[in-house]
Amino acid sequence: MRNMLNPFELEGNWYKANLHMHTTTSDGGWSVVKVVREYRRRGYDVLALTDHLKTNDVRGLSDERMLVIGGVEFHPFLSTRAVQYHFVGLNVPHDLHFDDGEDALGCIAQVRRLGGETILAHPYWSGLEYADFCQFEDLAAVEVYNYAADENGRSVSENEWAFALDRGWKIPAVAVDDAHCHSGPSDAFGGWTWLKMPALSADNVVTAVLAGACYASGGPRIHDFRVEDGRVTIRCSPVVKVYFKANSPGLGRRRVAEVGKEIRGYSVDVAKNWKFVRAVVIDAQGRQAWTNPIYL
């Protein structure tokens, strides 16, 4: 069982990352050069190029302000029905090659042998239930938010993630763009992960994702989230709702802003039957951010 870390209690800096992105190497509309230029211009610190079944040579694409890492999206089939998984392998070498429909467990193991980690992409968009992915214990994280999937109304996979957490699986969540940019940046710059790291490096990115030293966002900033002296506290950018969610349906607390007002923090006593607590905040535009759980 992995050791989940609370990034708000760690030393280091926050780095804004997009961990799922497509280019003209596969089915994206922007070239690698343009993708890197546009994300650098938007202030991202980390960009993973994760084309379908193909990798990119990322040598020479990073600079002192932004790290570009290699990745790949691969799509094994379920054995039970005609649906494909979508996985994102992070920090993989340029010579890695997968074919469509390969064995899922074998692919995940190969990514890890090569020094990378694998994220479950957009489970709600893919039509996956918890039972479809619960056997993949070596997954690093799950996409709780996939901005591009909003086109089909299936951008948020919080329920799928929650089912895993409620059953005792310590798995972090990330948010991504999954941008393809076929019609300009309409599916770009809308979902990202804030990573807490001691320095900007590919190894630190993988470590932070695996340990949950991060939080997922489609807009709001979370400034602090911790449990001290039996109370859980969050501080954030202005929002209209704050949820503290625990390990079972019916557990947790909520604060809702009065009409025309906003919330910047919330604190409550931790209940004795909470095994963990995580937070979700929602701003006036409906954009959300999700912390990873703190285990009690």
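This is a predicted model: local features need pLDDT of at least 70, side-chain atom pairs count only at pLDDT 80 or more; totals for chains, interfaces and linings use all residues.
Trainee: Is His-122 buried or exposed?

Mentor: We call a residue buried under 20% relative accessible area, exposed over 50% and partly exposed in between (1.4 Å probe, protein chains only). His-122 has 4% relative accessibility, so it counts as buried.

Trainee: And which residues does His-122 touch?

Mentor: A contact means heavy atoms within 4.5 Å. Leaving out residues up to four places away in sequence, His-122 touches His-20, Glu-73, His-86, Glu-143, Asn-146, Ser-157 and Asp-178.

Trainee: Keep Asp-178 in mind, then. How do I read the largest pocket, and which residues are the closest to its centre?

Mentor: Work on a 1 Å grid over the protein atoms alone: a cavity is a set of points where a 1.4 Å probe fits but cannot get out, a pocket is an open set with protein on both sides within 12 Å along at least five of seven lines, and lining residues have an atom within 4 Å of a point. Points are joined across faces, edges and corners, and the volume is the space filled by probe spheres set on them. Here the largest pocket has a volume of about 370 Å³. It is lined by 21 residues, and the closest to its centre are Ala-148, Glu-151, Asp-178, His-180 and Asp-187.

Trainee: What does the second largest pocket look like?

Mentor: Its volume is about 240 Å³. Fourteen residues line this second pocket, and Asn-159, Ala-162, Asp-166, Lys-245 and Arg-278 are the closest to its centre. Helix 5 (residues 158-166) gives the most to the lining, five residues. By class you get six nonpolar, three polar and five charged residues.

Trainee: Which residue stands opposite Tyr-215?

Mentor: Two strands pair if DSSP finds at least two bridges between them. Strand 9 (residues 214-217) and strand 16 (residues 288-291) are antiparallel, with three bridges, and Tyr-215 faces Thr-291 across them. Strand 15 (residues 276-282) also pairs with strand 16, antiparallel over three bridges, where Val-281 partners Ala-289. In the hairpin of strands 15 and 16, with five residues between the strands, Gly-286 has a positive phi near 85°. Strand 16 is covered on both faces: Gln-288 and Trp-290 are buried on one side, Ala-289 and Thr-291 on the other.

Trainee: What about strand 1? Which strand does it pair with in the antiparallel sense?

Mentor: Strand 1 (residues 13-18) pairs that way with strand 8 (residues 192-197), over five bridges, and Lys-16 sits opposite Trp-194. With strand 2 (residues 46-49), strand 1 runs parallel, joined by two bridges; there Asn-18 is opposite Leu-47.

Trainee: What do the buried residues of helix 1 pack against?

Mentor: Strand 1, strand 2 and strand 3 (67-74). In helix 1 (residues 32-41), the buried set is Val-32, Val-35, Val-36, Glu-38, Tyr-39 and Arg-40. Just after this helix, Gly-43 takes a positive phi of about 85°.

Trainee: Last one: how many disulfides are there?

Mentor: Using a pair of cysteine sulfur atoms within 2.5 Å as the rule, the count is zero. For Cys-107, the nearest cysteine sulfur, in Cys-134, is 18 Å away. Cys-107 is buried at 2% relative accessible area. The sulfur of Cys-236 is 18 Å from that of Cys-214, the closest one, which is too far for a bond. Cys-236 is buried as well, at 4%.

Note on methods:
Residues are numbered from 1 along each chain as its sequence is written. Side-chain values use heavy atoms; hydrogens and water are left out. Helices (H or I, at least four residues) and strands (E, at least two) are DSSP runs, numbered from the N terminus. Ala, Val, Leu, Ile, Met, Phe, Trp, Tyr, Cys and Pro count as nonpolar, Asp, Glu, Lys and Arg as charged, and the others, Gly among them, as polar.
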